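I opened the model to look up a few side chains and their surroundings. My notes follow in the order I took them.

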Amino acid sequence: MKLLVSIVLLLVIGFIGDIESRRGRSRGRTRSKFQIGLPITGKYRDPESDKYYNNDNGAKIVLASHFDFEYVLGHKIQFICVARGNPRPHITWFKDGSEIFTHQYLHIHEWQIHNDTRKSKLEIDPATQMDAGLYECTADNMYSIDRRSFKTDFSITFD
């Protein structure tokens with residue numbers, strides 16, 4: 001009897017775990033139309049908050065570089081971030097959580113494409129081992145913030 005109860009209990013636990021793992025995977029596959037910071041339900045309790053955070057004029061990144069990038073030491077790394085919003089969003093770059101600024105080997109270029117769109121390009125030349133990490137571009141205006149991440153690692157080529 002104890003053996004039968006143990007088997008049933010293991011089956012139930014396995015079934016619940018399988019449901020939980022499927023639930024987690026399915027969330028990862030769906031693409032949310034909402035910005036970062038939105039409650040899991042997709043709606044705010046207060047209609048004013050919902051109106052504020054889901055504003056059509058909020059900053060949205062419409063084009064960004066690929067998430068996972070492998071670069072060759074000594075070569076150039078480039079990341080692109082294009083954001084739209086009204087007012088036109090401000091784009092800020094981060095590496096491993098810290099804001100980065102232009103210096104001798106790292107350049108940030110920005111262009112106004114339309115009245116509501118801005119393009120920013122981050123270039124590192126030449127790339128070193130220290131340039132591996134997690135880069136992020138953040139677009140923000142008075143209505144919302146959007147961000148994209150880019151993971152980089154280096155490879156060594158032998159000529």
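I started at Thr-117, which lies in strand S7, residues 117–124. Strands here are DSSP runs of E, at least two residues, numbered from the N terminus. The model is predicted: local features need pLDDT of at least 70, side-chain atom pairs count only at pLDDT 80 or more, and totals for chains, interfaces and linings use all residues. Residues are numbered from 1 along each chain as its sequence is written, and side-chain values use heavy atoms, with hydrogens and water left out.

**Thr-117.** I then found a polar contact of 3.0 Å between the side chains of Thr-117 and Asp-116. Such a contact is a pair of N or O atoms within 3.5 Å; within protein, one must be able to donate a hydrogen and the other to accept it, and residues adjacent in sequence count only if both atoms are side-chain atoms. Setting aside neighbours within four places in sequence, I listed the contacts of Thr-117 (heavy atoms within 4.5 Å): Val-82, Ala-83, Arg-84, Arg-88, Trp-111 and Gln-112.

**Trp-111.** I moved on to Trp-111, in strand S6, residues 106–114. Trp-111 is partly exposed, at 39% relative accessibility. Beyond four places in sequence, Trp-111 touches Thr-117, Arg-118, Lys-119 and Lys-121. What sits over the ring of Trp-111? The charged end of Lys-119 does, 5.3 Å from the ring centre (the rule: NZ of Lys or CZ of Arg within 6 Å of the ring centre and within 35 degrees of the ring normal).

**Aromatic pairs.** I searched the whole structure and got 5 aromatic pairs. Rings of Phe, Tyr and Trp (its six-membered ring) pair if their centres lie within 6.5 Å; planes under 30 degrees apart are stacked, over 60 edge-to-face, the rest tilted. Phe-69 and Phe-79 pair edge-to-face, 5.9 Å centre to centre, with 70° between the planes. Phe-69 is in strand S2 (residues 68–72) and Phe-79 in strand S3 (residues 77–84), so this pair ties together parts 10 residues apart in sequence. Phe-69 is partly exposed at 27%; Phe-79 is buried at 1%.

Phe-79 also pairs with Phe-150, stacked, 5.0 Å centre to centre and 20° between the planes. Phe-150 lies in strand S9 (residues 145–155), so this pair with Phe-79 of strand S3 ties together parts 71 residues apart in sequence. Phe-150 is buried, at 0%. Last entry: ring pairs link Phe-69, Phe-79, Trp-93, Tyr-135 and Phe-150 into a cluster.

Conventions. Helices (H or I, at least four residues) and strands (E, at least two) are DSSP runs, numbered from the N terminus. Buried means under 20% relative accessible area, exposed over 50%, partly exposed in between (1.4 Å probe, protein chains only).
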